[in-house]
Amino acid sequence: MKLKKGDNVMMMSGKDKGKKGKILAVFPSQDKIVIEGLNLIKKAVRARKQGQKGQIIHKERSVNAASAALICGACSKPTRIGLRLDNGNKVRICKKCNAEIK
Ligand SMILES: [Zn+2]
């Protein structure tokens with residue numbers, strides 16, 4: 001997987017299609033990512049003690065990495081990620097404008 005924690009991505013499919021967010025976590029073995037504020041599920045939290053109120057919280061659920069595209073910081077477009085060798089280091093680049101992705 002070429003996506004990393006902290007990358008800004010846009011959902012390309014599903015109910016959050018077109019929405020943007022930052023990657024909070026990546027799960028390479030499952031090819032899944034968690035995006036801040038996207039693919040939220042409602043979770044009811046029950047009151048544990050008397051007098052305490054139960055509440056509903058929203059929590060991000062992981063999505064397939066393939067359904068999100070990285071947003072390039074240079075051209076601000078959702079793009080595919082390419083790789084370039086730079087002094088022996090693999091550098092991620094935007095396939096649209098060839099800028100390095102930081
Ligand atoms: Zn670009």
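The model is predicted, so local features are described where pLDDT is at least 70 and side-chain atom pairs where pLDDT is 80 or more, whereas totals for chains, interfaces and linings use all residues. Residues are numbered from 1 along each chain as its sequence is written, and side-chain values use heavy atoms, with hydrogens and water left out.

**Stop 1: the two domains**

Begin by colouring residues 8-71 as domain 1 and residues 78-102 as domain 2; such bounds come from an automatic or database domain assignment. The centres of the two domains, taken over C-alpha atoms, are separated by 27 Å. To the contact between them, domain 1 contributes 5 residues and domain 2 contributes 4 residues, where contact means heavy atoms within 4.5 Å.

**Stop 2: the open sheet**

Next, show the strands, which are DSSP runs of E with at least two residues, numbered from the N terminus. An open sheet is formed by 6 strands in the order 6-3-2-1-7-8, with antiparallel pairing; two strands pair if DSSP finds at least two bridges between them. At the edges are strand 6 (63-64) and strand 8, each of which pairs on one side only.

Moving through the sheet, select strand 3 and strand 6, which are joined in the antiparallel sense over 2 bridges, and find Ile-33 opposite Val-63 in strand 6. Then select strand 1 together with strand 2 (residues 20-27), an antiparallel pair with 3 bridges, in which Val-9 has Gly-21 of strand 2 as its bridge partner. On to strand 7, which runs antiparallel to strand 1 and is joined to it by 3 bridges; here Ala-68 in strand 7 is the bridge partner of Met-11.

**Stop 3: the nonpolar core**

Now display the side chains of Leu-3, Val-9, Met-11, Ile-33, Ile-35 and Ala-68, which have the most contacts inside the largest nonpolar core, a group of 15 residues. A nonpolar core is a set of buried Ala, Val, Leu, Ile, Met, Phe, Trp, Tyr and Cys residues joined through side-chain atoms within 4.5 Å, and buried means under 20% relative accessible area, with exposed over 50% and partly exposed in between (1.4 Å probe, protein chains only). At least two residues of this core come from each of strand 1 (8-11), strand 3 (32-35) and strand 7. The core lies between domain 1 (8-71) and domain 2 (78-102), because both give residues to it.

Centre the view on Met-11 and list its neighbours: leaving out residues up to four places away in sequence, Met-11 touches Asp-16, Lys-17, Gly-18, Lys-19, Ile-35, Leu-38, Val-63, Ser-67 and Ala-68.

**Stop 4: the zinc site**

Select the zinc ion, whose protein donors are the SG atoms of Cys-72, Cys-75, Cys-94 and Cys-97, at 2.2 to 2.3 Å. Donors are N, O and S atoms within 2.8 Å of the metal (3.2 Å for Na, K and Ca), and sites may look incomplete because water is not among the atoms. The site is tetrahedral, with angles of 104 to 115° among the 4 donor atoms; four donors count as tetrahedral if all angles lie between 85 and 135 degrees.

Along the chain, the donors follow the spacing C-x2-C-x18-C-x2-C. Cys-75, in the loop between strand 7 (68-71) and strand 8 (78-79), and Cys-97, in the segment after strand 10 (89-94), are 22 residues apart and link distant parts of the chain. Cys-75 counts as partly exposed at 23% relative accessibility, and Cys-97 also counts as partly exposed, at 34%.

**Stop 5**

Select strand 9 (residues 81-86) and strand 10, which pair in the antiparallel sense over 6 bridges, with Gly-82 opposite Ile-93 in strand 10. These strands form a hairpin with 2 residues between them, and Asn-87 in the turn has a positive phi of about 50°. Most residues other than glycine have a negative phi, and most peptide bonds are trans. Asn-87 is exposed, with a relative accessible area of 77%.

Asn-39 is buried, with a relative accessible area of 12%.

Finish at Asn-64 in strand 6, which is partly exposed with a relative accessible area of 43%. Apart from neighbours within four places in sequence, Asn-64 is in contact with Asp-31 and Lys-32. The C-alpha atoms of Asn-64 and Asp-31 are separated by 6.1 Å, although the two residues are 33 residues apart along the chain.

Key. Four donors count as tetrahedral if all angles lie between 85 and 135 degrees; four count as square planar and six as octahedral if opposite donors are over 155 degrees apart and all others between 65 and 115; anything else is irregular. Helices (H or I, at least four residues) and strands (E, at least two) are DSSP runs, numbered from the N terminus.
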